[in-house]
Amino acid sequence: MITEYALETKGLEKIYRARFGGREIKAVSDLSLRVPVGAKFGLLGANGAGKTTFVKMVLSAVHPTGGSATIFGKDAAHPEARRPVGYLPENHRFPTYLSGTGMLDFYGALSGIDSADRKKRIPEYLDMVGLNGWGDVRIKKYSKGMLQRLGLAQALIHKPRLLILDEPTDGVDPVGRREIRDVLNRLTGSGVTVFLNSHLLAEVESFCEYVAILKKGQLALEGKISSLVAGTGYSIVASNIPDAAKEAFKQRGVTISPHDSGLELRAATREESNQIIDSIRAAGGFIESMHASNISLEDVFIKTTTNAGQAEKVA
Amino acid sequence: MNVRVYGALIRDTFQEAMARWLFWGLFALSSLLVLIFLFVLRIDLVQGAISVTGVSGSARPVYNIQHFVNVSYSWVSTTLYIWGTFVAVFASSGLIPSVLEPGRIALLLSKPLSRTTLLLGRYAGNILVVLLNHVYLIGSIWIIIGIKTGIWDPRFLLSIPVALFAFAVLLCVVVLIGVMYESAALSTMAAIALMLISTILAQRSFVVRLLDSEWSRDLWQTLYWIVPKIFDLGNALRQIILFEKDADLMTPILTSAAFGLIIMLRAIYVFRRKDF
């Protein structure tokens with residue numbers, strides 16, 4: 001039974017107000033979220049959905065205009081609450097005048113690690129992220145993927161209990177992605193909570209247990225991934241579909257992908273699959289095949305972010 | 001714990017100053033000035049002056065040489081004060097906005113340190129970079145003059161804390177502008193403008209006589225007391241070195257410190273409320 005939350009927000013809200021009485025922009029609205037201790041939690045949303053604003057509010061880089069956030073029960077606005085947090089920001093700009101070792105030493109010191117421990121841990125963590133031998137090289141010589149790995153080492157060096165990662169595999173090659181995922185899996189095995197903010201649905205689906213989907217700053221869907229993708233969906237393969245009909249399907253939130261026999265369209269329910277079939281035939285298209293299939297997280301995401309509706313919670 | 005955090009922030013400021021060539025630029029300019037003083041203050045000139053005053057009469061040779069050295073000291077110290085403050089403001093104006101770059105500030109703020117600590121750590125790093133430069137520049141010239149004249153007057157070294165204090169006050173302005181607008185150029189402009197305004201306002205005994213209305217005279221006097229007294233600090237330094245009895249260092253120090261404190265508190269307030 002889960003008794004504690006690594007991260008909890010209640011009615012979190014951020015409104016940006018333009019100067020001189022200009023219009024208001026609601027970046028995040030009434031967002032209540034609970035991340036259980038030890039969970040692998042993914043946050044999804046289209047561009048501008050409020051994911052990064054949410055993370056920045058949790059880390060106090062952005063001040064909420066309403067609601068509250070706690071980290072392991074402590075008010076997130078207090079610096080001490082951030083001591084057990086490791087963070088890898090999106091579009092980070094590490095000081096390029098530092099070496100890999102220098103950077104880990106600097107952020108390690110800010111995280112409260114004493115000098116002796118830093119000396120011991122830095123080679124260990126460089127090795128963990130596959131940067132053994134690169135410690136003395138200035139980070140301006142690092143590739144994008146190497147910077148991500150170094151950023152991960154920076155987020156881990158003080159042995160955090162909550163790891164918040166914003167697009168951690170951005171710019172990393174497939175082998176590197178697998179290695180990062182392995183590192184994260186080892187961490188969660190030891191009780192570390194991982195909060196993953198990513199636009200890569202496959203990454204979230206393969207790593208996370210829980211997911212929340214934001215839409216226009218609001219929580220649109222939350223739950224266990226296994227529950228969200230449970231149940232049967234339908235795959236319809238059709239040919240000769242006119243462009244106008246394709247557009248109409250996209251606007252309805254139907255997932256369309258190329259197929260050897262034409263196009264594959266995915267439906268979440270039997271009713272929806274029948275509607276799609278009717279529409280294809282009405283538009284002059286031909287049904288080539290149809291079979292039952294699992295719904296992917298991508299289907300759930302597209303359906304959630306394209307359809308209006310209240311926040312839904314799946315156990 | 002805070003000592004470790006401050007130490008890391010100060011060390012980082014040093015590393016950035018060195019990487020941006022600001023640190024080396026400051027030292028190169030200081031070295032250039034040291035070389036100029038070495039070249040201008042020729043040992044034969046001083047020896048010549050000593051020998052001339054020694055021959056001209058037994059009544060005042062020592063006094064004259066001492067006065068000659070005092071005047072030289074006051075001139076040199078005022079020059080170093082102005083030079084050092086100008087160069088230091090130019091060199092360090094980018095060190096505050098650079099830390100506010102998106103992608104860098106978000107990571108710093110995720111660490112368990114307060115925004116006040118972050119800003120003051122950066123401020124302290126800037127001060128220490130300039131302190132090292134001032135010690136090198138003014139200390140070197142003091143040694144050169146001491147070796148050449150044989151007179152080791154410690155009052156000359158007062159230039160170090162006075163110049164550092166003036167810089168510390170101006171750096172508060174750089175910090176406030178940097179935090180508000182994240183612009184190194186604007187920060188520099190504001191600090192340099194303040195130095196110039198301070199010089200103009202300090203001429204109040206002359207200007208007040210030219211102003212024909214009471215309110216304009218009051219305005220001038222009010223502005224004089226508000227704005228940090230960068231000019232008066234240099235003037236007081238010169239007077240102290242010349243043993244002038246009406247030298248007043250405390251008034252410009254106290255009023256300028258009050259100005260710096262208020263500006264720094266405002267900078268902290270703005271920084272604490274800002275979204276990144």
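Two strands count as paired here if DSSP finds at least two bridges between them. With that in mind, take β1 (residues 5-17) and β4 (residues 66-71) of chain A in this predicted model: the two strands run antiparallel and are joined by 5 bridges. One of the residues involved is Leu7(A), whose bridge partner in β4(A) is Ile71(A).

Zooming out, these strands belong to an open sheet of 4 strands in chain A, ordered β2-β1-β4-β5 and paired in antiparallel fashion. The edges go to β2 (24-36) and β5 (74-75) of chain A; each has a single partner strand, so one side of each is left without a neighbour in the sheet.

Over in chain B, a pair of helices is worth a look. Helix α7 (residues 159-181) and helix α8 (residues 184-201) of chain B have axes that come within 8 Å and cross at roughly 145 degrees, and the crossing of α7(B) and α8(B) is right-handed. On the α7(B) side, the contact is made by Leu170(B), Val173(B), Val174(B), Ile177(B), Gly178(B) and Tyr181(B); facing them from α8(B) are Leu186(B), Ser187(B), Ala190(B), Ala191(B), Leu194(B) and Met195(B). By class, that contact of α7(B) with α8(B) comes out at 10 nonpolar, 2 polar and no charged residues.

As for how the chains meet, 24 residues of chain A are in contact with 23 residues of chain B. On the chain A side, β6 (85-88) and α2 (100-110) are the elements that give two or more residues, with α2(A) supplying the largest share, 3 residues. Sorted by class, this side of chain A has 13 nonpolar, 6 polar and 5 charged residues.

Conventions:
Residues are numbered from 1 along each chain as its sequence is written. Chains are lettered from A and ligands numbered from 1 in the order in which they are written. This is a predicted model: local features need pLDDT of at least 70, side-chain atom pairs count only at pLDDT 80 or more; totals for chains, interfaces and linings use all residues. Two residues are in contact if their C-beta atoms, placed from the backbone, lie within 7 Å. Ala, Val, Leu, Ile, Met, Phe, Trp, Tyr, Cys and Pro count as nonpolar, Asp, Glu, Lys and Arg as charged, and the others, Gly among them, as polar. Axes are lines fitted to C-alpha atoms, for helices over the stretch in contact, and angles run from 0 to 180 degrees between N-to-C directions. A crossing is left-handed if the near helix is turned anticlockwise from the far one by less than a right angle, and right-handed if clockwise.
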